[in-house]
Amino acid sequence: MAAVSFSNVTKEYTSDGIRAVDELNLEIDDGEFLVLVGPSGCGKSTALRMIAGLEEVTDGELAIGDRIVNEVPPGDRDIAMVFQNYALYPHMTVRDNIAFALQVAKLPKPEIRERTQKAAAMLGLTEYLDRLPKALSGGQRQRVAMGRAIVRSPQVFLMDEPLSNLDAKLRVQMRSEIIQIQKRLGTTMVYVTHDQIEAMTMGHRVAVMRKGILQQVAPPQRLYHEPANLFVAAFIGSPSMNLLTCFVGGTASHPVVEVAGHRIGIDARALDRYPRLADSMGEQVIVGIRPEHFAMAGDIDVPEDQHITVHVELAEAMGSEVHIHTPFAVPPVSVEGAPVNAEDEDQIDTSVTHVIARVEGVHVVENDSDARLAVKSHLFHFFDPASGQPLR
Amino acid sequence: MARVGAYAGLVLVAVVVVFPFVVALATSTKNNDDIFRYPPTLVPSEPQTVESDSLTNIDDAGNDVPVYRLTGIDGQYALVDNDVSVAEFRPIDDLERVIRRPLDDAAETGDTVTIDGEEEDVYEVSVDDVTLVVYRSRVTSGGLFVNLDDPTDERIELINLAEPLTRFGPRLENFPEVIQDKQLGRAVSNTVLVTIAVVLGQIITSVLGGYAFARIEFKGRSGLFLLYLGSVMVPFVVLIIPLFQLMLQAGWLDNLAALIIPWVFTAYGTFLMRQFFIGIPKELEEAALIDGASRSRILWKVMVPLARPAIATLATFGFLYAWNSFFWPLVIINSGNPDGRVLSLALATLGGRSSTDVNLVFAGAIIAMTPPILVFLFAQRYFVENSASSGLK
C-alpha cells in the first residue's frame, strides 16, 4: 500500500497542444479512497491513466509511495486497474483472467491457485471460475474485473468508471461492495467517475476536475456545503444547485437579494460564511440555492422576509419529497460542464431560469398553481459573477 | 413465389458450377474402357460377373465370369467359355436363317449341295426337336453362354453380338496407381511441404507486421504502411523477371526454397492482421500491460488467440495460393527434374504425357483438388465467427 502524489503533473498532447491535465498537485494518502470526478474531457481519466503508466507524464513528478514512477512501465508499478469495459480477456476462463498477472509474474502454481480461489471466494465467483467471460452477466464480469485487481494485492487500485455499464440496481450493490472491499483491504484507491452519487458516497475525499485543472479536493460533505467555486457548486448535487444572478440590496448587516421580482432577506449567519457579501452592496452576485434550501411556508420558522410566492410550473411528487419547478424570469447562469436542470437541452429558454425547490412530500402541490415557499437563506452560497469565486 | 424462382435459379447455378466437379470425380473412379463408353455415364461401372461356382456344369470353379444379355432372348447369361469353335449352319431351304452350334454338334449326312457355285457338305441339325437339313456356312470363334436361372440352358453365341451387362463399380485403384506409377507421390509431398511452410511463414510475418502497424508507435509508420500496402497493387507479371534473377543469385533455381521464401511475406496478410488488431479494444492490451505482460506475451497470449478468425482467413488464402500456384513453379522449377515438382506442375505433365489414361489424369486432379476444398469447408466457419468483443461489455 502506498500514497500517490502528483506534483505539478502536466499532460500535454503533442498533436494538438491541448493540456489534458494542467499542473496537477494532489496528494493521495496511503489507504485513502479518492474519487476523481468531473465532466467528460476534464482530465480525470488521463490523471488515472498516468498513475497506471498508460499515459506518459509530460511534465512534473508522479510518485507512488517513495518512488517516482514517471519512467516506470505499467507492469512494474504494482498497481491494478479496472476498466470501464472490464477488458476481460475473452478467450480465457474466469480463473485464467484472474490469475493472468500472477502467471506473468511467474509465481509458484500452488500460490496462484490459492490466491485465485481466495479472490474468487471474496467476490462470490467460485462457481464461475471455469466459464468464459461471454457466459457471464454484466455484474459478474464486473466482479471478475475486480477479482483481477484484488488478486495481485497491489499498492494502488485504479478504477475507471467501473460501474457505468451496469444497470441501476446492480450499480448500487456493486458500489457498496467496492466500498467494503476497499475498507477490508485498506488499499489506496483512485476511482474515476462522472456519477455524482458515486462521488459523494464512495470516497474519503473527492477531487473535482474541470478542463484539466483541479478545482477542489475535499471530503464529500465539505465539497457539498463549501464549494470552492461556482463550478464545484454547480457540478456537485442532484438536482443541482439553483444559480441566480441577483441584485444585492438592503444594508450591510442585513442584506436583501432581489431577483425576478422576488426579494429575499439574507440571514445574518450567511454573512459569517460569506463575509465578502457585505462588499457587494448594490452589485450583482450569483446566489446559489440548493433545492433543499426551500421549504413550504409553515414547515420551518423563518422571518417573513424569507418567504416568496412562486408559480408552480411542474410538481414532481417523489414520495418522500416534492420537486417544484418554477421559472424565474432572469437569464440562466451558465457554468460550462455543469449539469443543467432541464429535461431537454434544446428547449432551454435563455431568458428564464428554472428553479427547483425540494419540499416535504406530505404537501400536495398542483401543477400550474401558486405556492408560498420559505427559504433558508442562512445556507445560501454567494459567488462573484466575474470570477466564479465564492465571496468568502 | 419470387422465393421459389430465386431458389430455382440458385439450384440451376449450383448444378452448373458443380457439374464439372462431378464429372471429374466420376471419371477419376472409372476404368479406362468405361470412360469412352457411349452414351457417357456419370456413374462408374464395371462388367457384371457371377462366380462360376454357381453354374453347376462348369468345371473350372472359382473364376468370375461376365454376364451378358443376348439379343432377342430374355434372361441373363454368363459367358463361361469365350473360346469355343462355333459353326454356323444355314437350312438349305431357308438360307437367311443362321443356326449356331458347337462344331461337333451336327451330324454329317455325306450328301453335298451346291450353294452359290460352291459344293458344300450337308448336315442334319436338331432345333426344338425338329431336324433340319443344313449346310455349314462358316466356322468361327464364339462364346458358350449359360442362363443364370437355368443352368441347363446353354447357348453358343458370338460374343460381339451379345450386350455385356454392367453394374456400379468405382475403380479406386486409380489413386494409388497415379501416385505410384506416375510418380505423383513426390509432387504431393513437395506441395504439402511448400504449403505448410508458406502458410506458417505468412501467419508469423503477418501477425508480427500487422501488430507493429496497428499498435506500436514508430516514426514513419503510416508512410511505411502505405508503401507496403501499395505493393499489393503491383501485378505479379511485373515481378517475375526480377524475382527470377533474385532466385538465380541466391542459387535457388529448381529449389523448393524459391517456392517458399518469396511468398512468406504478404502485404495483404499484414494488412488483414493490422485491420483486425486495430479492432481489438485497446483496453485489453492496457490491462495486460498493467498485469506486467511484455509486448511479445501480449501479442501471443492475448492478441493472437483473439485474432483466430483473421488468422484462419489468412491461412486459407495462403493455403489456396500455395497449393494451386502453377505459374511461378513452372518458371522456377525448370530442369525437368521430377524431384522438385509440385502437384500443379506434375498434373500438367501428367495431362500431356498420359493423356491416354484419362482416368489417371482425373484421379490426379481429384488428389490436387480435395485438400483445398476440405480446407475451405473447415475454415469457412471462422469467417463468420468473431469472438473478439465478447468479453467486453
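Predicted model: local features only at pLDDT ≥ 70, side-chain atom pairs only at ≥ 80, totals over all residues.
Reader: Where on α3(A) do its buried residues fall, and within what arc?

Author: The buried residues of α3(A) are A:I112, A:T116, A:A119 and A:A120. In general, an α-helix has 3.6 residues a turn, so residues three or four places apart point the same way. Seen down the axis of α3(A), the buried residues line one face of the helix, because they fall within an arc of 100°.

Reader: What covers the buried residues of α3(A), and which exposed residues are carried by the face turned away from them?

Author: The cover over the buried residues of α3(A) includes α2 and α4 (138–150) of chain A. On the face turned away from the buried side, the exposed residues are A:P110, A:E111, A:E114 and A:A121.

Reader: Which residues stand opposite A:S5 in β4(A) and in β2(A)?

Author: Strand β1 (residues 4–12) of chain A runs antiparallel to β4 (residues 59–64) of chain A, with 5 bridges joining the two. β1(A) is also joined to β2 (residues 19–28) of chain A, again in the antiparallel sense, by 6 bridges. Opposite A:S5 stands, in β4(A), A:A63, and in β2(A), A:E27.

Reader: Which residue takes a positive phi in the hairpin of β1(A) and β2(A)?

Author: The hairpin that these two strands form has 6 residues between them. The residue there with a positive phi, near 70°, is A:G17.

Reader: Which residues of chain A does a cis peptide bond join?

Author: In general, most peptide bonds are trans. In chain A, the loop between α8 (230–235) and β11 (242–250) holds A:P239. The cis bond, with an omega of about -5°, joins A:S238 and A:P239.

Reader: Is A:D368 buried or exposed?

Author: A:D368 is placed in the loop between β19 (353–360) and β20 (369–375) of chain A, and it has a positive phi of about 60° although it is not a glycine. Because A:D368 has 9 C-beta neighbours inside 10 Å, it counts as exposed.

Reader: How many other C-beta atoms lie within 10 Å of B:D254?

Author: B:D254, found in the loop between α6 (236–250) and α7 (257–260) of chain B, is not a glycine, yet it has a positive phi of about 65°. It is partly exposed, and the number of other C-beta atoms within 10 Å is 16.

Reader: Which residue stands opposite B:V146 in β9(B)?

Author: β8(B) and β9 (residues 154–157) of chain B pair in the antiparallel sense over 4 bridges, and they form a hairpin with 6 residues between them. Within this pairing, the residue opposite B:V146 is B:E154.

Reader: Why is chain B more spread out than a compact globule, and what is its radius of gyration?

Author: Chain B has 14 helices and 11 strands. For its 393 residues the globule rule gives 21 Å, and chain B is more spread out than a compact globule because its radius of gyration is well over that, at 35 Å.

Reader: How many residues of chain B are in contact with chain A?

Author: On the side of chain A that touches chain B, β6 (79–82) and α2 (94–104) each supply at least two residues, and by class this side has 17 nonpolar, 4 polar and 1 charged residues. In total, 22 residues of chain A are in contact with residues of chain B numbering 20.

Technical notes. Residues numbered from 1 in each chain as written. Chains lettered and ligands numbered in written order. Contact = placed C-beta atoms within 7 Å. Nonpolar A, V, L, I, M, F, W, Y, C, P; charged D, E, K, R; others polar. Rg over C-alpha atoms; globule rule 2.2 N^0.38 Å. Buried ≥ 20, exposed ≤ 12 C-beta atoms within 10 Å, placed from the backbone. Arc of directions from axis to C-beta. Pairing = 2+ DSSP bridges.
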